[in-house]
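Let's take a walk through this protein together, one part at a time. Keep the sequence and the 3D view side by side as you read.

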Amino acid sequence: MASWCVRAVRQSYSVVASPSPIRCQQARVFSLSLAPCLSRALPRLLCTAAQQKNGQRSEEEASKPEQSAAEKTLVEEKIQLEEQLKEVTEKFKRALADTENLRTRSKKMVEDAKLYGIQGFCKDLLEVADILEKATESVPKEEVTTQNPHLKNLYDGLVMTEVQIQKLFTKHGLVKLNPDGQKFDPYEHEALFHTPMEGKEPGTVAVVTKVGYKLHGRTLRPALVGVAKAPFN
């Protein structure tokens, strides 16, 4: 029926396109015969169009949940990647801080090795310096004269050796500590005894038994001292 209506509409178009009276009369007759056909077919055509439109709408609605699920998956993946990025960034920062701390410690160790690498050697030389000092102190000054040239030459040689070794100590950062009269410092002095002594303030060094030494500001050997204390009443 629908195909017959379509052919009828096409024939009506061809009839209307011709301007002759016969064609016009045929068109009127044909239109009268076509009217019942259109009245019956039009509702069916409208129903078909409505069904097609509803079908397209249902397909679109069915595709929306699929798109929503895909978007939800993408959002979850984004959150997961952001968390992984944050975790990796924190690990990188910690590793960078550990590396910087290790570099700082290694640098300080190298510097300390340069400064204090001769510490053991210096300790051994301190005994030599002590012997030279005791040797020069044991020589009576009144005997060191031109009348006793051998003793004078020996004494002068010992003094020159002592002066030269102290210069070498100073050159390499080794400084003598002779705290006579200074306030007692437990980081630089070692107290052997306490004794009351006139003219000495309590808590100060009264006697130096053995001088000490510092290597680049670090106490290499504390000075052995006696500390003054308040006299008995």
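**From the helices to the sheets**

Start at Gly173, which follows helix H4 and has a positive phi, near 85 degrees. Please bear in mind that this is a predicted model. The protein has four helices and six strands, and from the N terminus on the elements run α-α-α-α-β-β-β-β-β-β. Of its 233 residues, 19% count as buried. Among the contacts with a separation of 6 or more, 62% are between residues 24 or more positions apart.

Now go back to H4 itself. Its 23 residues should span 33 Å at 1.5 Å a residue, and the end C-alpha atoms are 33 Å apart, so expectation and model agree. Which residues of H4 are buried? They are Tyr155, Glu162, Ile165, Gln166 and Phe169. The cover over these buried residues includes H3, S1 and S4.

Helix H3, residues 119–138, can be checked in the same manner. Its 20 residues should span 28 Å at 1.5 Å a residue, and its end C-alpha atoms are 29 Å apart, which agrees. The buried residues here are Cys122, Leu126, Ala129, Asp130, Leu132, Glu133 and Thr136. Among the elements that cover them are helix H4 (149–171) and strand S1 (174–177). Strands S3 (205–210), S4 (212–215) and S5 (218–221) also belong to that cover.

Let's turn to the aromatic side chains. A pair of aromatic rings is described by the distance of the centres and the angle of the planes. How many aromatic pairs does a search of the whole structure find? The search finds one. The rings in question belong to Phe169 and Tyr213; their centres are 5.8 Å apart and their planes stand at 85 degrees, so the pair is edge-to-face. Because Phe169 lies in helix H4 and Tyr213 in strand S4, the pair ties together parts that are 44 residues apart in sequence. Are these two residues buried or exposed? Phe169 has 4% relative accessibility and so counts as buried, the cut-off being under 20%. Tyr213, at 0%, counts as buried too. Another ring to look at is that of Tyr116: the charged end of Arg218 sits over this ring, 3.7 Å from its centre.

Most residues other than glycine have a negative phi. His216, though not a glycine, has a positive phi of about 50 degrees. With a relative accessible area of 35%, His216 is partly exposed.

There is another open sheet to visit, made of three strands in the order S2-S6-S3, with mixed pairing. Its edge strands are S2 and S3, each of which pairs on one side only. On average, neighbouring strands of this sheet are turned by 25 degrees against each other, direction ignored. Four bridges join S3 to strand S6 (residues 223–229), and these two strands run antiparallel. Within this pairing, Lys210 has Leu224 as its bridge partner in S6.

Our last stop is His189, in strand S2 (residues 189–196). His189 has 5% relative accessibility, so this residue counts as buried. What is His189 in contact with, leaving aside its neighbours within four places in sequence? The contacts are Pro179, Lys183, Phe184, Val205, Pro222, Ala223 and Val225.

Methods:
Residues numbered from 1 in each chain as written. Predicted model: local features only at pLDDT ≥ 70, side-chain atom pairs only at ≥ 80, totals over all residues. Heavy atoms only, no water. Expected span 1.5 Å × (residues − 1). Buried < 20%, exposed > 50% of the residue type's maximum accessible area, 1.4 Å probe, protein only. Contact = heavy atoms within 4.5 Å. Phe/Tyr/Trp six-rings, centres within 6.5 Å; stacked < 30°, edge-to-face > 60°. Lys NZ or Arg CZ within 6 Å of the ring centre and 35° of its normal. Pairing = 2+ DSSP bridges. Axes fitted to C-alpha atoms, helices over the stretch in contact; angles between N-to-C directions.
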